[in-house]
Amino acid sequence: ADGSTKTLYVNGHQMFLGLAAHSVRCSWEDLYVKAFNWYCADNGIRSTWTEAGYDTATQITQAKRLIDMGIDGLIISPWDVKALRVVMDYAKEHNVPVICTNTVVDSSYPLMFVGFGQKQAGAQLAQKIVEYLRDKVEPIGKVQGTVLELSSGPGTSEDTMRGGGFHDVIDQYPDVKVITQVATSDRAKAKTVTLNVLRSGRKIDAVFAQNGSMGLGADEALKDAPGITPKDVFIATVDAFPQICDEIGAGNIDVAVDQTPAFYNPIAVYYMVEYLEK
């Protein structure tokens with residue numbers, strides 16, 4: 001906070017906003033939450049937040065509890081884009097406006113969405129993988145090989161949007177085989193499923209990770225697996241937080257699409273204030 005003593009009021013009380021985050025398990029998610037709290041503090045807004053640990057039922061319960069606490073507006077990063085409709089219905093019943101950040105719930109109720117082009121990101125990374133398979137994997141000049149896709153899981157926005165963009169591109173190449181493994185955005189689980197694929201004797205030429213935690217998990221698996229290193233496999237991931245950048249610098253991860261969590265929630269809070277005041 002900047003030391004400001006200003007306070008924003010709405011309906012005779014200090015404005016009170018809540019954030020329902022999908023999880024806080026990496027530096028990206030940590031900054032996503034901190035930016036919300038910092039911006040609220042700097043602008044005289046009372047704030048509180050929850051994190052669901054990538055669990056849909058937990059996020060539904062937490063978001064409803066925030067509404068029950070009397071928040072004036074809800075900011076939410078929905079983990080399951082369809083299941084979180086029940087929170088939108090609950091917010092509407094209690095006349096609490098909602099803005100989605102990072103991911104958007106499949107509902108007409110939110111005022112707006114602040115995020116980046118997730119589908120485009122998946123497509124861009126798929127194109128980089130296609131170029132690698134064409135230029136670096138035998139036979140040179142042909143797009144052929146095996147790609148391990150690390151998925152956050154069916155129903156998640158990461159699988160629907162980032163995975164959807166990835167498949168829009170990669171499915172155009174019939175000689176590319178995709179092995180999809182669900183790792184629920186968990187670094188340790190991504191490492192385990194990657195090791196399991198390698199131990200089964202299947203050769204992989206590239207990895208597409210729907211987020212940075214799973215990208216790091218694949219990277220660690222390739223470091224531990226016998227007879228192969230991360231430099232032997234093209235790793236493409238969404239998120240470019242510091243550990244990802246370190247691995248890119250070391251030549252282990254090849255490419256990452258960055259998204260900027262420091263901006264999402266301050267933009268959302270700015271427009272929530274505009275809505276509540278005007």
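Q: What makes a space a cavity, and what makes a residue part of its lining?
A: On a 1 Å grid over the protein atoms alone, a cavity is a set of points where a 1.4 Å probe fits but cannot get out, whereas a pocket is an open set with protein on both sides within 12 Å along at least five of seven lines; lining residues have an atom within 4 Å of a point. The largest cavity has 14 lining residues, and Trp28, Glu29, Glu158, Asn211 and Asp239 lie nearest its centre. This model is predicted: local features need pLDDT of at least 70, side-chain atom pairs count only at pLDDT 80 or more, and totals for chains, interfaces and linings use all residues. Residues are numbered from 1 along each chain as its sequence is written, and side-chain values use heavy atoms, with hydrogens and water left out.

Q: Which elements give two or more residues to the lining of the largest cavity?
A: They are helix H1 (27-42), helix H5 (157-170) and H7. Helices (H or I, at least four residues) and strands (E, at least two) are DSSP runs, numbered from the N terminus.

Q: How many cavities of 30 Å³ or more does a search of the whole structure find, and how is a volume defined?
A: The search finds two such cavities. Grid points are joined across faces, edges and corners, and a volume is the space filled by probe spheres set on the points. His22, Ser77, Pro78, Trp79, Asn102, Thr103, Ser157 and Glu158 form the lining of the second largest cavity.

Q: What classes of residue make up the two cavity linings?
A: Ala, Val, Leu, Ile, Met, Phe, Trp, Tyr, Cys and Pro count as nonpolar, Asp, Glu, Lys and Arg as charged, and the others, Gly among them, as polar. By this rule the lining of the largest cavity comprises four nonpolar, six polar and four charged residues. The lining of the second largest cavity comprises two nonpolar, five polar and one charged.

Q: Which residues line the largest pocket, and how many of them are nonpolar, polar and charged?
A: Its lining consists of Leu195, Leu198, Arg199, Arg202, Lys203, Ile204, Asp224, Ala225, Pro226, Gly227 and Ile228. Six of these residues are nonpolar, one is polar and four are charged. Helix H6 (residues 187-199) supplies the largest share, three residues. The space in this pocket is about 160 Å³.

Q: Why are H2 and H3 called roughly parallel?
A: Axes are lines fitted to C-alpha atoms, for helices over the stretch in contact, and angles run from 0 to 180 degrees between N-to-C directions. Angles under 35 degrees count as roughly parallel, over 145 as roughly antiparallel, 65 to 115 as roughly perpendicular and the rest as oblique. The axes of helix H2 (residues 56-68) and helix H3 (residues 85-93) cross at roughly 10° and come within 9 Å. H2 and H3 are therefore roughly parallel to each other.

Q: How do you know which residues of H2 and H3 meet?
A: Contact means heavy atoms within 4.5 Å. Ile60, Ala63, Lys64, Ile67 and Asp68 in H2 meet Val86, Val87, Tyr90 and Ala91 in H3. The contact of H2 with H3 has seven nonpolar, no polar and two charged residues.

Q: What makes E5 and E6 a pair?
A: Two strands pair if DSSP finds at least two bridges between them. Strand E5 (residues 73-76) and strand E6 (residues 98-101) have three bridges and pair in the parallel sense. The bridge partner of Ile75 is Ile99 in E6.

Q: Why are E4 and E7 said to stand at the edges of their sheet?
A: The open sheet has five strands in the order E4-E3-E5-E6-E7, with parallel pairing. Strand E4 (46-51) and strand E7 (112-114) each have a single partner strand, so one side of each is left without a neighbour in the sheet.

Q: What is the strand order in the sheet that contains E10 and E11?
A: The order of this open sheet of five strands is E9-E8-E10-E11-E12, and the pairing is parallel. Strand E9 (176-182) and strand E12 (255-257) are its edge strands, each pairing on one side only. Strand E10 (residues 206-209) and strand E11 (residues 234-238) run parallel and are joined by four bridges.
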